[in-house]
Structure formats: structure tokens, C-alpha cells
Amino acid sequence: MKPVSAIIFKDIAIELRSKESLASMTMFAVLVLVVFNFAFESTGLDKSLVAPGTLWVAISFAAILGLNRSFAMETDNDCLQGLLLAPLSRGDLYIGKVASNFIFMMIAEIIILPLFVIFNGFNFDLKFIEVAGIACLGTVAIAGVGTILSTISSNTRMKEVMLPVLQIPLTVPVIIAAVESTRQVLTEEIRQISSWLYILAGFTIVYLTLSYLLFEFAVEE
């Protein structure tokens, strides 16, 4: 595990110096929550029905901002060749980058989730912990597939545009399952929540496995 922990430590040290990814992810997610809060405030809609969608729009788009920087940072500074020449496997490199992206996304969500509860008038009770658990599982899936897609997009000319084009369609099943799970927790209609959680967990395992196996080909291109 030493190569993996070294990559995580490197990414965290770089982020602590610049704070570019965390600041942009958090600010963007907060702005999305504020905009949706004002947009739905006057409609009189039940917030437990619309709030899950706003939460996952904020999380997914904030994740794209962070993932865009993940491998662009390596290619911009010509560090990727050094990583490829280092005595570590491509699998270790993938796991290290997934873990780094997951940590950054979870730090942003530590700020996003309490604001989501406050803006929508929910309580910090058991539901909050359950929503946080769903957010954690969904974030693993987004980080897993987003890491390999950021690797692919970082080698293209329009990398800032390419990542959302690739990631949004692939994460639609994850977002739908996460939104439905969150909605059922907030409305306490949990009859089908296990089905949505199975779908979410299934896509998480599939994305992590496929991305791990294909990462070597993506990073060598």
C-alpha cells in the first residue's frame, strides 16, 4: 500500500498549497444549492421531493470540477511521465488517484450536506446520517469512473469540455439511484430503497472494477 499512500499524500500536499480544487468544488456546490433554494422557495413544492435532485446536481457538478484538475495537474506539469516511470503498478496509480479524488469530494460534501439540511429546513437526525451514507456510496462510484475519464480527457485538446461530455451520461444511473434513495429517506417511504441501494452499489462495483482493469490502457495513450 506504500505507493498508494504516497500518491494520496502527494495530491493532498499539492492541494493544501494551492487549494484550487477544494475551493472551486465547494463554492460551486454551495452556489448551486443557493440558486435552487431560491428557485423552488416560491413554488410551494414539498422540499423532500425536489431537494434530493438539487443535492446530487451540486455533488455531481462539483465532482466534475475536481476531477478535471486531477490528471490535468499531472499533464500540465509533465509529472505524468514521472509517475509512469516510478516503481508502482498502473493499478496502484489508479487506486491512489481514486482515493485522492474521493477524499477531496468528501471534504467538499462535509460542507455541502449541513448547508443542504439548513437550506431545506430538515433536521440533523438519523435521516441526515442515512443521506450522508448514500452520498458516501455515490461519491465512490463518481470518483471511480471519473478518475479514468479524467485520464482520458486530460490528453485531449478540449479537456475541460470533454470530461463532462463523457462523465454525465455514464453517471446518470448512479445519480438516479442516489436521488431516489435520498428521496425515500427524506419522505420515509422506504419500501423500495433496498432496490435503489443495490443498483447504486452494483454500479459502484462495476465502475471500479472496469476502470481498474482499463486504466493501464487509458494512461498509456
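User: Is Phe122 buried, partly exposed or exposed?

Analyst: The model is a predicted one, and the values here are computed from it. Buried needs a relative accessible area under 20%, and exposed needs over 50%. Phe122 has 22% relative accessibility, so the residue counts as partly exposed.

User: Phe122 pairs with the ring of Phe116; which kind of pair is this?

Analyst: The ring centres of Phe116 and Phe122 are 5.8 Å apart. Planes under 30 degrees apart would count as stacked and those over 60 as edge-to-face. The planes of Phe116 and Phe122 stand at 55°, so the pair is tilted.

User: What is the relative accessible area of Phe116?

Analyst: Buried means under 20% relative accessible area. Phe116 counts as buried, its relative accessible area being 1%.

User: How many aromatic pairs are there in total?

Analyst: Two rings pair if their centres lie within 6.5 Å. Among the pairs is that of Tyr94 and Phe215, with 5.3 Å from centre to centre and 50° between the planes. By this rule the count of aromatic pairs is six.

User: How many residues apart in sequence are the parts that Tyr94 and Phe215 tie together?

Analyst: Tyr94 is in helix α5, residues 90–119. Phe215 belongs to helix α8, which covers residues 193–220. The pair therefore ties together parts whose separation in sequence is 121 residues.

User: Are Tyr94 and Phe215 buried or exposed?

Analyst: The cut-off for buried is under 20% relative accessible area. Tyr94 has 2% relative accessibility. Phe215 has a relative accessible area of 0%. On these values Tyr94 and Phe215 are both buried.

User: Which residue forms one aromatic cluster with Tyr94 and Phe215?

Analyst: Tyr94 and Phe215 are themselves an aromatic pair, of the tilted kind. The cluster that holds Tyr94 and Phe215 also includes Tyr212.

User: Helix α5 also meets α2; are the two roughly parallel or roughly antiparallel?

Analyst: Helix α2 spans residues 20–41, and its axis comes within 9 Å of that of α5. The two axes cross at roughly 20°. Angles under 35 degrees count as roughly parallel. Helices α2 and α5 are therefore roughly parallel.

User: What is the distance between the C-alpha atoms of Ile142 and Ile64?

Analyst: Ile142 sits in helix α6, residues 126–154. Along the chain Ile142 and Ile64 are 78 residues apart.

User: Leaving aside neighbours within four places in sequence, which residues are in contact with Ser70?

Analyst: Ser70 is part of helix α3, residues 47–76. At 5% relative accessible area, Ser70 is buried. With neighbours within four places left aside, its contacts are Lys97, Asn101 and Ser150.

Notes. Residues are numbered from 1 along each chain as its sequence is written. This is a predicted model: local features need pLDDT of at least 70, side-chain atom pairs count only at pLDDT 80 or more; totals for chains, interfaces and linings use all residues. Side-chain values use heavy atoms; hydrogens and water are left out. Helices (H or I, at least four residues) and strands (E, at least two) are DSSP runs, numbered from the N terminus. Buried means under 20% relative accessible area, exposed over 50%, partly exposed in between (1.4 Å probe, protein chains only). Axes are lines fitted to C-alpha atoms, for helices over the stretch in contact, and angles run from 0 to 180 degrees between N-to-C directions. Angles under 35 degrees count as roughly parallel, over 145 as roughly antiparallel, 65 to 115 as roughly perpendicular and the rest as oblique. Contact means heavy atoms within 4.5 Å.
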